Amino acid sequence: MKSWFTRAVGGLLLAAMVLLLAGCGATDTVMIATGRDYHPFNFVNDQGEIDGLERALGDDLCRRAGLKYRWVLNDWETMIPHLLDEEFDVILAGMSITDQRERLIDFTQAYYPPTPSVYLVRAGEGDAALQGRIGVSAHTIFSDYLSEQGIPFVPLDHELDAADAALSGEVDAVMVDHGYGVQKLAQHAGLLEMAGPRVLLDRGLGMGVRPGSELKAKLNAGLAEMKADGTLNALIFKWLGEDGSTFE
């Protein structure tokens, strides 16, 4: 029979090995967080799988960089706090690059070009709709902009499709980013239109990482390759159609 000391030392060594292996697994696997409700950038499809332009983009980038990775879903409101708490390593969820956010996290180069945000209204209602109820998701560049301009707005649930809120009459107009807007115009052809001014609010959509993360350089290298070989533009055309903004 082993002595108490031998058993104790053996138990400690085993525990240390388990912790080491667990740590290696966590370090070697890049956790990518996205949303479930921002079609066509991210959504959960009928098979219950994460899908969209960002899923295709992330898969390709990790393949090029030789990274092990796993996708996780996270609520929009806690994306940045959970990234900083190391619950995951990358935000790939339709997040705009802004000065305010760059005070907290680092961004890769843009994977969707800077393009003015737009208002969507029901077809035929035109600019007059902007005098009514404007709906935007809270904690976004749109709610920040309207607040700064002193324009009242109706906060929309992040799980509610903004275009559906306009179509149903819950609000008279919604402010959305360009990529989302052009896809919704195509999806609801003849039922929606753009109205009012177009406003540039960001420097494009980028992936968020913790400050100083080595992933930034790896992801940027992959994005540069995808831009150079036309893969990224092809993804934008596939998911947003010919009206999507692309890189020159």
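Mentor: We'll take the sheet first, then the helices packed on it.
Mentor: This is a predicted model, where local features need pLDDT of at least 70, side-chain atom pairs count only at pLDDT 80 or more, and totals for chains, interfaces and linings use all residues. Residues are numbered from 1 along each chain as its sequence is written, and side-chain values use heavy atoms, with hydrogens and water left out.
Trainee: What order do the five strands take in the sheet?
Mentor: The order is β10-β9-β11-β8-β12, in an open sheet with mixed pairing. Strands are DSSP runs (E, at least two residues), and helices are too (H or I, at least four), numbered from the N terminus. Two strands pair if DSSP finds at least two bridges between them.
Trainee: Which strands stand at the edges?
Mentor: β10 (154-156) and β12 (192-199). Each has a single partner strand, so one side of each lacks a neighbour in the sheet.
Trainee: How many bridges join β8 to β12?
Mentor: Five, and the two run antiparallel. Val 121 has Glu 193 as its bridge partner in β12. Leu 120 stands opposite Met 194 in β12.
Trainee: And how do β8 and β11 pair?
Mentor: Antiparallel, over four bridges. In β11, Val 121 is partnered by Ala 173.
Trainee: New topic. Is β8 buried or exposed?
Mentor: Six of its six residues are buried (under 20% relative accessible area; exposed is over 50%, partly exposed in between, with a 1.4 Å probe and protein chains only).
Trainee: Which strands does helix α7 lie across?
Mentor: Helix α7 (residues 178-187) lies across β8, β11 and β12.

Technical notes. Contact = heavy atoms within 4.5 Å. Axes fitted to C-alpha atoms, helices over the stretch in contact; angles between N-to-C directions.
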